[in-house]
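Dear colleague,

Please find below the structure that I am handing over to you.

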Amino acid sequence: MKELIIKSLDKIRPILQNDGGDVEFVGVSNDGVVSVKMQGACGNCPGAMMTIKMVIEDRLRQEVPGVKSVIGV
């Protein structure tokens with residue numbers, strides 16, 4: 001699962017980098033909760049939680065079986 005998550009995040013990364021940000025994979029729990037850390041401009045952005053839920057979580061749930069949600073740390 002970890003490898004699929006990283007591959008999926010690699011597809012999202014260019015979108016974030018266009019705005020001066022990035023995302024770092026932190027880990028995944030046994031119950032399918034993925035932890036990510038927003039970096040750069042995304043780390044301080046008020047819309048970071050929306051990006052995590054509407055972009056990252058949506059993509060991961062579509063592409064990686066077993067992902068239930070994504071949280072920022």
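This is a predicted model: local features need pLDDT of at least 70, side-chain atom pairs count only at pLDDT 80 or more; totals for chains, interfaces and linings use all residues.

Residues are numbered from 1 along each chain as its sequence is written, and side-chain values use heavy atoms, with hydrogens and water left out.

The structure contains five salt bridges (a side-chain nitrogen of Lys or Arg within 4 Å of a carboxyl oxygen of Asp or Glu). One of them pairs E63 with K11, at 3.5 Å from N to O. This pair connects distant parts of the chain, since K11 belongs to helix α1 (residues 2-18) and E63 to helix α3 (residues 48-63), 52 residues apart. Helices here are DSSP runs of H or I, at least four residues long, numbered from the N terminus.

E63 also forms a salt bridge with R59, the closest N and O atoms lying 3.7 Å apart. R59 and E63 are four residues apart in helix α3, and therefore about one helical turn separates them.

As for accessibility (buried is under 20% relative accessible area, exposed over 50%, partly exposed in between, with a 1.4 Å probe and protein chains only), E63 is partly exposed at 30%, as are K11 at 49% and R59 at 26%.

A further salt bridge joins R13 and D22, at 2.7 Å from N to O. R13 is buried at 19%, and D22 is buried at 18%.

Yours sincerely

Terms used
Helices (H or I, at least four residues) and strands (E, at least two) are DSSP runs, numbered from the N terminus.
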